[in-house]
Amino acid sequence: MSEELTSEDRALLAALAALQPETGAPASPATSPPATPPPPVAHLAQEPNQPAPPGDGAEAETLTRLYHEVLGLMPFALAPAAPSPEAKRRLLARLAEPDLAGRESAAAKAPAAAPATLAAAESATAAAPAVAQAAPVTLEVGEPAAAPAAPAAAEAPAPTTAAGRQERFAPASRSRSASVPVRSSAPRWLSALAAALILALLGTCGWLLNDLRERRDAIVRLAAQRDAALRHAGEVEARLGRLTSQVGSMRDSFSVMTSPAVEVCNLRAATPEQADARGMLFVAADHQHWAMSLRGLRPPAGGKVYQLWFVADQGPVSGGTFAARPGAPVELGSDRMPAGTKAVRITLESSPGSPAPSGPDVLRNADTLHAL
Amino acid sequence: MDPTSSQPGSPAALSDAALVRLVAERRPEALAELYDRFAPTLLALARRVLDNHADAEEVLQEVFVQVWNRGERYDPARSSVSTWLVLIARSRAIDRLRSRKVVERTHEATAQAAVGASGLGEPHTSPEALDNVFIQERHERVRREMAALPAEQRQVLEMAFYQGLTQSEIAAKAGLPLGTVKTRTLLAMKKLRNALRPEIRQLL
């Protein structure tokens, strides 16, 4: 290779290396998630140009970017596949969940999941415990102070509201700071009361903290259970969607096979290597809907697929590619068939299929197709 | 991507990058539009990697949830939105593939039997899978150019991309010398780069 190509090769290999977790450079810390990073491949996908190509600086970077985009275009060679409408609904429903962001980032960092969820739960419930904490503390403090203080501080009217109770507590502490002149006359129970008050306060705080911790744990546990249930529901829904789609396919095929004036055409093996292969093509009277049932096809060897061709006036038109599994029938069908189709062929092609038949014929129609 | 002929101001009229910016601002309608544009391509990619529709749909969900949560990390200087999404989807799919390597896959014979590219659309796949004309055209061009590659070059490229194999792993799996694998990969990439120049220019 020439020298110019060598530098290009380096850019190209850098773009390829970015796809490989074991050879790709790690992403920059500035943009990578702080805790446990996601799997390396996923990570590199977010930091596409991280492995800087050696050598020619900006030019090489441009080349790397170009090859990066080439790789990004590759799946466009595949036939697009329509996701089920439920999939989109499910996604949009997930977005509507208010705490999705917190849960997802926690899920991405598996080992750090518990602390992250805990932190999220903490911030979510921060307001509630603060209120909960304020109310019982005031009550606990206020009540013991009130009863014994009543004989000594009879001049203070007994307030009934929470604010009032706080007020009631405040004069008590003020009276403690101004208690020097009355100390001699103050009974010993006052210091005992202060000690009891402090103990009660500490006890209450401890109890509240413990309660808060338990509530947090419960929230984390419930969130995990809910996530598991949602995942399970998603799996069941996906399975149901797949089964529904299978039933739909079978119903389509069945309705073609049993439609009035259906044309039936046998398919025979076109190669002695697959002598057992056979099939039947059913074409509905509208010459658009068709169903095909194939038996005895061997699984294609590595990198190959079977491809169906409708031979029409303008030449062969691809009807799709498919695989075969040992002992399993292949059922195909669609609601489109090129006008003027006279024959049907199935060839073996390199994946992902060929624009025109290039591989050996495996099956072809044994009967003539009429009036298509 | 260029704006389409849709109503100005509607998400459908916005460029891919503008949509990602709106996603970062937590606008679900922007994510829905990105989904409509790219989900069929990303689902096809995940299906190609995983050979299982249900798994591929789950990967698709994960990809868009990740985009929703990390949309602000997208950097247009590093890659196009299309490539960003494709590489996230590829990574997610390959991660899943690796995690289930030990599990024996079971398939239903019927609905799962048909995979891959086609001229008339995949059997029982909606022909309206893509309603975005730009992406439709992109599919057609890339499919044509990929098909024009010599089979042995396409094979090594696809093994690297869809199976997540290193060059050495491909050499071992295909029974080829490492040098041959590298040469074929380089040739394939260069051909694609030249052939897809107009597409890449649209993306950049």
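Helices (H or I, at least four residues) and strands (E, at least two) are DSSP runs, numbered from the N terminus. The model is a predicted one, in which local features need pLDDT of at least 70 and side-chain atom pairs count only at pLDDT 80 or more, while totals for chains, interfaces and linings use all residues. Residues are numbered from 1 along each chain as its sequence is written, and chains are lettered from A and ligands numbered from 1 in the order in which they are written.

**Exercise 1. Describe the make-up of chain B, from its elements to its burial and contacts.**

Step one: read from the N terminus on, the elements of chain B run α-α-α-α-α-α-α-α-α, which amounts to nine helices and zero strands.
Step two: 53% of the 204 residues of chain B count as buried, where buried stands for 20 or more other C-beta atoms within 10 Å of a residue's own, exposed for 12 or fewer and partly exposed for the range in between, with C-beta atoms placed from the backbone.
Step three: among contacts (C-beta atoms, placed from the backbone, within 7 Å) between residues of chain B at least 6 apart in sequence, 58% join residues at least 24 apart.

**Exercise 2. Compare the end-to-end span of helix α2 of chain B with that of a straight helix, and locate its kink.**

Step one: the expected span is 1.5 Å times one less than the number of residues, and for the 23 residues of α2(B), residues 28-50, a straight helix would reach 33 Å, whereas the end C-alpha atoms are only 28 Å apart.
Step two: a kink of about 55° lies at B:Phe38, shortly before the proline B:Pro40, the bend at a residue being the angle between axes fitted to the seven residues ending there and the seven starting there.
Step three: 20 of the 23 residues of α2(B) are buried, so the helix is largely enclosed by the rest of the structure.
Step four: in the loop between α2 and α3 (53-70) of chain B lies B:Asp51, whose phi is near 55°, a positive value in a residue other than glycine; B:Asp51 counts as partly exposed because it has 16 C-beta neighbours inside 10 Å.

**Exercise 3. Work out how helices α6 and α8 of chain B cross, and which residues meet there.**

Step one: the axes of α6 (residues 151-163) and α8 (residues 178-195) come within 8 Å and cross at roughly 95°, where axes are lines fitted to C-alpha atoms, for helices over the stretch in contact, and angles run from 0 to 180 degrees between N-to-C directions.
Step two: α6(B) and α8(B) are therefore roughly perpendicular to each other, a class that covers 65 to 115 degrees.
Step three: the residues of α6(B) that take part include B:Val156, B:Leu157 and B:Ala160, and among those of α8(B) are B:Val181, B:Leu187 and B:Ala188.
Step four: the span of α6(B) agrees with expectation, because its 13 residues should span 18 Å and its end C-alpha atoms are 17 Å apart.

**Exercise 4. Place A:Arg364 in chain A and list its contacts.**

Step one: A:Arg364 belongs to strand β8, residues 361-365, and it counts as partly exposed because it has 18 C-beta neighbours inside 10 Å.
Step two: not counting residues up to four places away in sequence, A:Arg364 touches A:Leu267, A:Arg268, A:Ala270, A:Ala343, A:Val344 and A:Arg345.
Step three: the C-alpha atoms of A:Arg364 and A:Arg345 are separated by 4.4 Å, although these residues are 19 apart along the chain.

Terms used. Two residues are in contact if their C-beta atoms, placed from the backbone, lie within 7 Å. Angles under 35 degrees count as roughly parallel, over 145 as roughly antiparallel, 65 to 115 as roughly perpendicular and the rest as oblique.
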